[in-house]
Structure formats: C-alpha cells, structure tokens
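Welcome! Please take a moment to look over the model below, and then we will walk through it together.

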Amino acid sequence: MARSGLAAAARVARWADNALGPGRDAATADGKATLSESTAERAASDLGLTTDRIRADWDTARLAGLVEVHGDSARPGWRLRAWDRDDSAVLRGWVALFDAWSLASPEPEEQEPAAVAEVVSAMPQVLSFLQLSAGPVPVEQLLDLLRQRVTELRTERCEVPYGAGSEPAVPLAPVPVDADPAEPAEDAELAPLLDWALNALASVGALTCGGGQATLTPLGSWAVWVKLEQICVAAQSPAGNIEQSAEGMLRGCAQLRPNAARAEYRAWLAARTVGSAVSELLLAARGDDALLRGLAFEALRVVGAPAEPDVRAVVEEPALRPYALLWLAEHDGVDPEDAHEVLTRQEATWLWVDTAAAVADHGEAPMLVRHLESALQPTVPALLTEVRAVGHPRTVQVLVALAAAHPDPALAKAVRRAAFQVHTGGS
C-alpha cells in the first residue's frame, strides 16, 4: 500500500534525479534542480501528465523525503536511493507523509491559525480512538471527542494557583484576553476544521470518509499503532537514559547486556528525530573514548537504513572508517561474522588498537590479554610491527597496559620495548 500510494511521487522524484541531476546536459535554464515553471512543464511533457499533477506529486515527494530541497536546489533523498531494495525506506517515507498530513492540504482560510493549531494538536487522540475502534466511526462522535480534547488543551494553557495567597501562574502559552481557557470548544468552529483534517488525512491515504463515517485504512491503522508503540517504548526506557545526550546514554549502556542495551537504544531513538539522533551518535563516536565509538555504531545498527547516508559520509574519517565500513557491509547483507573481510589489514589493525583502548580504559586485565589473542597477526612481533606502523593515537597507552596485564614476563618486556620505541619515535 505504501509503495502504491507513493508511486507517483517516486516517479517524479526519479525523473528529477535523471533529468536534473549534476552533470546532466538537460538541466533547466537556471541550472537548478527546482520545480520552476519550466521544469514542471518539461516534467509534464516527459511523463505525460498535467503540470498540476506534477506539482502535487512533487509536493508529496518532498513530504515523504524522496527528494530533499536545500535552498534553490533539490537532490534525491536516501529513501529514493533505497526504494527498490528496502521496504523499511518505503514505509518510513509514508510515515513521514502521514506525519505531515496538515501540510498536505491547504488550511481553511477563514479559520484562525490558533484554532487550526489546536486541532492539529488534538488529532493524535482522535486517530488513536479510530485505531482502537478498528472500524467505521461516525464523524459526529469524532467531533465530540475533538471538542473535548481542544477544551482540555485550552484548560492546560492556564495554570491555577494552589494556595490562596500564591502568585498568579504565568500561562505556558498566550491566551486571548476575551477567551475563557476552560470554555468548551464550540462545534460550529470545530466542524469545518475536523472536515479539513479528515480530508487531509484521506489525501495521504491514512483514512477514508463517506456516509458520515471515517475509517482508518490498514496502512493508517498500522502507522497509528507504530506511533503508540514508540510512545510506550520511550516510556519504558529500562535504564532511564532517554533524556541524556548520546554520550550520556552510551555511557549508561556500557555495563548493560547486549539485549538490554539495544532496548535502551530503541527507547532513546524513539524520543528523537532520526536525523538529530544519528548526528548526535556520530558526534559521540568522534570523541576520545573508544568504547563510546563502538557503542555508537551499535546504536546506529538499531537505526538501520536511515543512517546509511550519514555513515557513508564518515568513511573517509580515519577514526570512524573501520566502524563505518563494517556497518555498511552488514547493512548490505554481509554476514556479521564475515564483515571484517571488507577491511584492509591496516584498517583491521587500527580497529584492534581502538578496541584495545576501550578494554584498557573500561575493562579488566584478563580481557586485554584475551584481546591479544584476537589479533590477525600470527605472532606477537608481527602484531607489534603493524601496530607501530598504523599510527593510532592510543598506541603507547595500549601497549603499556598490555605489558602490565600480560603474565608472560618475556612477552611483557617485548611489548614495553615496543611502547617505548613508539613513544620516542625510535626503531
């Protein structure tokens, strides 16, 4: 259903990518990949559609993230790139369109912006009621629910002092001087706004209206269920790190078992937009703590496909490159046990040192000794040679910690010598 509903938008987005992409001879006269009048006419001619249809589909493509507009230019969104191979990209695109339902149809011009905002804020409860009803609901019943919810919103905007002598509370939002915040919302003012909201939701495929009743489509019901599930997941953050920054959340997950950590990642992600969450995680990964670097990419595995463009963009950063290459390999379907094969010997050695740094900072001596056994190199001298050559900033600290932890005096001595040589720049 999502593919069918977005097919026309995807067609226009692909046309723009092919016809207006960088380096194309067929760029518009102004050289920009925007839907100017000439671009709309050209797309209509190429696709055999009217310009009005082209503009409507273009707007849908933008709301669904199939195209991303930056100033006067547009480029394909990651969802368009992943369209043919990733069902989750299609579903996320439709959910983005569903979230933007209030932009899909023009607001009633005769209505006050404040009233429109109230209805938009109240509609999640109306949609939840429709989802729980699992069938047609009379519009009159929805209007009554909307009236109750809008009245609650107006009441919540005015705080009532608890004590007789207390200072009057400052409203959280401005209330018109001639309005009673607790006054019931009038059906006369809400009825046309409810009609607008239902028609807008119908235009994105979330529900159907007819015969004085409204019914969620299977896709709309699924989307509302997903939203409710996200709220529940966010409310059940097992370790209570949901309001922390990415770095704070990752530190809180450091001592959790893998399944518990993934539950925490999901709760943290559910409370944020995908873009800001991915940016925060990558910022934490760029820090000095190697443990957070590894955990950040574990959290990015929970994000999945939406993180692909950002992960691909950091491949050239030396500190993140091995992690990003492994993430991309697994994302492309490579078995996690075989993903290390995408790394060069140098990249694998750099990752070994980085992991050793995490163990040295947060683990125990036996863990560091066991980590030595995971090295690709067949002998300790070969490992030391390649570790010294890879140039990891924590090489000296890792070697010193390994020498202190290893029970074999001869091996510990060789490792200490290597640490000294790296520290002094000798051979």
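How much accessible surface does the protein chain have, and what share of it belongs to carbon and sulfur atoms? The accessible surface comes to about 22200 Å², and 54% of it belongs to carbon and sulfur atoms. Keep in mind that this is a predicted model.

**The chain as a whole**

- The protein chain contains 21 helices and 5 strands.
- Of its 427 residues, 43% count as buried.
- Among contacts with a separation of 6 or more, 62% are between residues 24 or more positions apart.

**How to describe a helix pair**

- Two packed helices are described by the angle between their axes and the distance between the axes.

**Helices H13 and H14**

- Helix H13 covers residues 274–285 and helix H14 covers residues 290–303; their axes come within 8 Å and cross at roughly 160°.
- Angles over 145 degrees count as roughly antiparallel, so H13 is roughly antiparallel to H14.
- The crossing of H13 and H14 is left-handed.
- On the H13 side, the contact includes Val274, Val278 and Leu281, while the H14 side includes Leu292, Arg293 and Phe297.
- Sorted by class, the contact of H13 with H14 has 12 nonpolar residues, no polar ones and 1 charged.

**Helices H17 and H18**

- The axes of H17 (residues 345–362) and H18 (residues 365–372) cross at roughly 165° and come within 9 Å.
- H17 and H18 are therefore roughly antiparallel to each other.
- H17 passes H18 in a right-handed crossing.
- Trp352, Thr355, Ala356, Val359 and Ala360 of H17 meet Met367, Leu368, His371 and Leu372 of H18.
- The residues of this contact divide into 7 nonpolar, 2 polar and no charged.

How values were computed
Residues numbered from 1 in each chain as written. Predicted model: local features only at pLDDT ≥ 70, side-chain atom pairs only at ≥ 80, totals over all residues. Heavy atoms only, no water. Axes fitted to C-alpha atoms, helices over the stretch in contact; angles between N-to-C directions. Helix = DSSP H or I, 4+ residues; strand = E, 2+ residues; numbered from the N terminus. Parallel < 35°, antiparallel > 145°, perpendicular 65-115°, else oblique. Left-handed = near helix turned anticlockwise from the far one by under 90°. Contact = heavy atoms within 4.5 Å. Nonpolar A, V, L, I, M, F, W, Y, C, P; charged D, E, K, R; others polar. Buried < 20%, exposed > 50% of the residue type's maximum accessible area, 1.4 Å probe, protein only. Areas by Shrake-Rupley, 256 points an atom, 1.4 Å probe, with all protein chains shown as cover.
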